[in-house]
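Trainee: Please take a close look at the pockets of this chain. What lines them, and with which classes of residue?

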Amino acid sequence: MTSSVSIKDLSLDFGSVTVLKNLNLEINDGEFLVLLGSSGCGKSTLLNCIAGLLDITEGKIFIKGKNVTWEEPKDRGIGMVFQSYALYPQMTVEKNLSFGLRVAKVPQAEIDKRIARAAEILQIQPLLKRKPAELSGGQRQRVAIGRALVRDVDVFLFDEPLSNLDAKLRSELRVEIKRLHQSLKNTMIYVTHDQIEALTLADRIAIMKNGIIMQLDDPTTIYNAPRNLFVAGFIGSPSMNFLHGELVNREGRVAFATNDVIFSLDGYNAGEALGSGRKVILGVRPEHIKVNEDLGPGAEVHNATVDIEEPMGADNLLWLKHAGHTMSVRINGARRFSAGTPVKLGFDMSLASLFDAQTELRI
Ligand SMILES: Nc1ncnc2c1ncn2[C@@H]1O[C@H](COP(=O)(O)OP(=O)(O)OP(=O)(O)O)[C@@H](O)[C@H]1O
Ligand SMILES: [Mg+2]
């Protein structure tokens, strides 16, 4: 697959503070790549480096095979959409869309064609004669996307484009952005701290922490096989259940022991040999724990007590007490339990994650 954006050994310092260090990233042609991480981890900084809004300290950036490290933003073949729409308040939507093209002396017929196309894709034809003050937040963000769209660029950069919108608009526009990518097939690099946006939009997610990419993978792999404890805890809501314990030998098979209870690890697909005595952390997602009648015949049974339930409509979230741990379990919303009810739990180890307690890396 050809590379659309290629980042080699990129470092960026703000004065004495290093925000990005030796970062490498290859983004494929037509790929939707999401940069995900908590506030301050360096997502916007990385995006601004790609856009050319920041001078990098070290490294190289290539777009479509061309070294653009020292090119002006306007010469990089990118279109950018920010969280704040930054529209010109005194201009109509149409003028906002055409402004950059007029400055670049694009012929009027071509401008008209591109605006008509963008307006159709984003369904903003009826708004073209209005000014930004006469638009809703979602409509303004659509115009901001349109402004990137008319530039006819290879790569779109989005920096939290939906975070100023209310929850309903955000999920609507999220679907529209996905549809936009499906029809345009451009390369898109999208910054967010919202894991649902990342999981739903991305071909691949780069999860960042302190300027370092902790894992770069497709959403399914990130969700099911997190490479380290940080990624495991960052993705999923409520978070994966983590049990601290150690590997033990039980009748010739390796098992997991914590607080005097032992879990069979049969079915766990370890990437390396499991030696007893090793301190480890077992991670199990709330929806991968079976309750009562869902346990198959012959399953290893663990006894727990319902502490509290949080019915959420489609799902019901149970908080359980089990061997001194608090555990969350997601079950069908129709199944209800009152506090204090004893329940039987089954753990599907083929879907679990095991981490070394010291390195925090997946085993
Ligand atoms: N101009 C600057 N001068 C000094 N430090 C900066 C500057 N811009 C950003 N930083 C610092 O660099 C780090 C990364 O910032 P960045 O804006 O990339 O974070 P982010 O991941 O986009 O976070 P958020 O989700 O809050 O937008 C932060 O610690 C921030 O304080
Ligand atoms: Mg940011």
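**The pockets**

Mentor: Start with the second largest pocket: its lining has five nonpolar, seven polar and four charged residues. (Nonpolar is Ala, Val, Leu, Ile, Met, Phe, Trp, Tyr, Cys and Pro; charged is Asp, Glu, Lys and Arg; the others, Gly among them, are polar.) The model is predicted: local features need pLDDT of at least 70, side-chain atom pairs 80 or more, while totals for chains, interfaces and linings use all residues. Residues count from 1 along each chain as written, chains are lettered from A and ligands numbered from 1 as written, and side-chain values use heavy atoms, without hydrogens or water.

This pocket (open grid points, 1 Å apart, where a 1.4 Å probe fits, with protein on both sides within 12 Å along at least five of seven lines; lining atoms lie within 4 Å of a point) has a volume of about 240 Å³. Its lining counts 16 residues, and Ala299, Glu300, Gly346, Phe347 and Asp348 come closest to the centre. Strands E13 (261-264) and E19 (342-347) each supply at least two lining residues.

Now the largest pocket. It holds about 670 Å³ of space. Its lining has 26 residues; Ile78, Met80, Gly100, Arg147 and Arg151 lie nearest the centre. E6, H2 and H4 each give two or more residues to that lining. H2 gives the most, with five. By class, 18 lining residues are nonpolar, four polar and four charged.

How values were computed: Grid points are joined across faces, edges and corners, and a volume is the space filled by probe spheres set on the points. Helices (H or I, at least four residues) and strands (E, at least two) are DSSP runs, numbered from the N terminus.
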